Amino acid sequence: MKKIKDELSQIVVDYYSKYPSAHQDILHTMEVVFYARMISIGEGWPENKIEDIEMAALLHDIGCPLSKEIYGNSLPVNQQNVGREVANQLLKNISSLSDSQSKWLEDVVGTHHQFKHASELGFLPLFEADLIVNILSGYYKKERTEHFFDKLMTTKSGKKLFKTLIK
C-alpha cells in the first residue's frame with residue numbers, strides 16, 4: 001500500500017505543478033494529511049486504514065485549482081464536483097489501486113465537506129483535520145469555532161487536537 005500512496009503523492013504534486021497559484025493548496029493538503037494521520041493513529045486505526053485516509057487527504061482538495069479556473073472560486077460545492085472528476089482521471093494512472101479503492105477515494109473527494117458523508121464513508125479523521133486547518137487558515141470566523149467543535153468534532157483525538165490548536 002505504501003507504494004500506492006507514494007505513487008499518488010507524486011501524481012498529486014505533478015498535477016498541482018500545472019497551476020502556478022497552487023502553492024497554498026499544496027501546503028493546505030500536507031497539513032491535512034499530517035493531522036488526519038495523527039487523528040487516525042489516536043483513534044487506534046490499523047495502518048492500512050490510515051494509509052487510505054492519507055491518500056484521501058492527498059486528493060481531498062484536488063479540484064480547487066480547476067474550480068478557480070472554471071468558476072472563479074473554490075467554494076465547496078464547486079471544488080467537490082470538479083475534484084471528483086479530477087480524482088477519477090488521476091486515479092486511472094495507478095493500476096495497483098482496486099476499483100473499490102478508487103470509487104471510495106472519488107466519493108471522499110466529492111463529499112469531503114459534508115459531515116454526514118464523512119461518517120457514512122468512514123473518513124472522519126480527514127473531515128476533522130480539514131476543518132481544523134481551514135479554521136487555522138482563517139476560512140471560517142473564529143466566533144464559529146465553538147459551534148464547529150460541538151457539532152462536527154466527534155473523534156476523541158480530533159477533539160483533543162482541535163482544543164490544542166484552536167481553543
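With a relative accessibility of 14%, Asn 78 counts as buried, a class that is assigned under 20% relative accessible area, whereas exposed is used over 50% and partly exposed in between, all with a 1.4 Å probe and protein chains only. The model examined here is a predicted one, in which local features need pLDDT of at least 70 and side-chain atom pairs count only at pLDDT 80 or more, while totals for chains, interfaces and linings use all residues. Residues are numbered from 1 along each chain as its sequence is written, and side-chain values use heavy atoms, with hydrogens and water left out.

Asn 78 is located in helix H5, which covers residues 76-91; helices are taken as DSSP runs (H or I, at least four residues), as are strands (E, at least two), with numbering from the N terminus. When residues up to four places away in sequence are not counted, Asn 78 touches Ser 67, Tyr 71 and Asn 73, where contact means heavy atoms within 4.5 Å. Between Asn 78 and Ser 40 the separation is 38 residues in sequence and 27 Å in space, C-alpha to C-alpha. Ser 67, in turn, belongs to helix H4 (residues 64-71) and counts as buried, its relative accessibility being 0%. Apart from neighbours within four places in sequence, the contacts of Ser 67 are Gly 72, Asn 73, Ser 74, Asn 78, Gln 79 and Val 82.

Two residues of helix H3 were also examined. Lys 49 is placed in H3, which comprises residues 47-59, and is partly exposed at a relative accessible area of 34%. The charged end of Lys 49 sits over the ring of Trp 45, at 5.1 Å from the ring centre; this assignment requires NZ of Lys or CZ of Arg to be within 6 Å of the ring centre and within 35 degrees of the ring normal. Lys 49 is 117 residues from Ile 166 in sequence and 27 Å from Ile 166 in space, C-alpha to C-alpha. Met 55, likewise placed in helix H3, is buried, with a relative accessible area of 1%, and its C-alpha lies 22 Å from that of Phe 162, at a sequence separation of 107 residues.

Aromatic rings were treated separately. A pair of aromatic rings is described by the distance of the centres and the angle of the planes. Rings of Phe, Tyr and Trp (its six-membered ring) pair if their centres lie within 6.5 Å, and planes under 30 degrees apart count as stacked, over 60 as edge-to-face and the rest as tilted. By this rule there are six aromatic pairs. Phe 34 and Tyr 35 form a tilted pair, with 5.7 Å from centre to centre and 55 degrees between the planes. Tyr 35 is buried at 13% relative accessibility. One aromatic cluster is formed by Tyr 15, Tyr 16 and Tyr 19.

Helix packing is represented by H8 (residues 124-136) and H10 (residues 156-165), whose axes come within 10 Å and cross at roughly 10 degrees; axes are lines fitted to C-alpha atoms, for helices over the stretch in contact, and angles run from 0 to 180 degrees between N-to-C directions. H8 is therefore roughly parallel to H10, given that angles under 35 degrees count as roughly parallel, over 145 as roughly antiparallel, 65 to 115 as roughly perpendicular and the rest as oblique. To this contact H8 contributes Glu 128, Ile 132, Ile 135 and Leu 136, and H10 contributes Gly 158, Leu 161, Phe 162 and Leu 165.
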